[in-house]
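Good morning, and thank you for making time for this presentation.

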Amino acid sequence: WGQNGSGQLGRGTISNSEEPGAVSLNEKAIAFGAGIGHTCALVATGAVWCWGDNQQGQIGATGTIVPGVPTEVKSLPPRTRALAVGDSHTCALTEAGGVRCWGHAAAGQLGDGTSRFSSSDPLAPQGLSTGVTAIAAGTRHTCALLDGGAIRCWGENAHGTLGDDTAQNSNVPIVASAAPANVAELSLGTERTCARTSEGAVYCW
C-alpha cells in the first residue's frame, strides 16, 4: 500500500492505494526488499521477481515493462539465497556464496569495477564469487559479510560508509577495516553502516 507511481505495489496499475492489497505474484515468497520505487521478492524456487521503477535497471528487466507486473530477473545463477535492495539497485546472494548486483551504478554500488551508470543485467562484484554468508544494501552502497566475520563494502563512501578510513567511492569490494571482528549481522542505511558481532555488540560508521 502507499505510493505507486512506478507500479511498486505490484498490482498491475500505477494508482496509489491507502489499503493493503496482494501483489500479483503467483509464487510463494520467502523474502523481499523495497527500494525507493521498486520492490523485489525471493520465491521458494530460488528465483527473484521484481516490479516498479526500472529507469536504472533495478528490476533487472529489459524491453517493454508493464508497470506493476512482477518480472523474473533473468541471468541469475540457480537458487538465490538472499536479497538486498538499495534505493535504486538490487543484489542477490547465490547458493554458491557469490553475489550478483544490478541497477543504478553511478557510485560503484554494483561492485563490478567499471564506471558504468547502470545495468539491468546482474553483474558479479569483483572477488566475491564464493564465501559470502550475507549481504546488505544502503542508499548507494552495498556490503557483504564473509565466512569468518569479515566485511567487504563497495559504492558511495562520502561519509566513510565503506569503513576503510577514507571518503573515496569504490566500484570494487574493499575491506571494511573499521569493522569489528566476528560480525554476525549487517544493516545499511543512508550513508551509514552498522554491524552486530557474535558477542552482541553493535558498531556503526
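I shall take the cysteine pairs in turn.

Please bear in mind that this is a predicted model. The count of disulfides comes to four. If the bonded cysteines of the protein are numbered in sequence order, their pairing reads 1-2, 3-4, 5-6, 7-8.

The link connects distant parts of the chain, with Cys40 in strand β2, residues 38-43, and Cys50 in strand β3, residues 48-52. The two cysteines are 10 residues apart. Which hand does this disulfide have? The torsion about the S-S bond of Cys40 and Cys50 is about 110°, and the disulfide is therefore right-handed. Cys40 has a relative accessible area of 0%, so it is buried; Cys50, at 0% relative accessibility, also counts as buried.

Next, Cys91 and Cys101 are joined with their sulfur atoms 2.1 Å apart. Here strand β6, residues 89-94, holds Cys91, while strand β7, residues 99-104, holds Cys101, 10 residues apart. This link is right-handed, with 110° about the S-S bond. Are Cys91 and Cys101 buried or exposed? Both are buried.

Finally, I turn to Cys143 and Cys153, whose sulfur atoms are 2.0 Å apart in a disulfide. Cys143 belongs to strand β10, residues 141-146, and Cys153 to strand β11, residues 151-155; 10 residues separate the pair. Because the torsion about their S-S bond is about 110°, the disulfide is right-handed. Relative accessibility is 0% for Cys143, which therefore counts as buried, and Cys153 is likewise buried at 0%.

Technical notes:
Residues numbered from 1 in each chain as written. Predicted model: local features only at pLDDT ≥ 70, side-chain atom pairs only at ≥ 80, totals over all residues. Heavy atoms only, no water. Disulfide = S-S within 2.5 Å. Helix = DSSP H or I, 4+ residues; strand = E, 2+ residues; numbered from the N terminus. Buried < 20%, exposed > 50% of the residue type's maximum accessible area, 1.4 Å probe, protein only.
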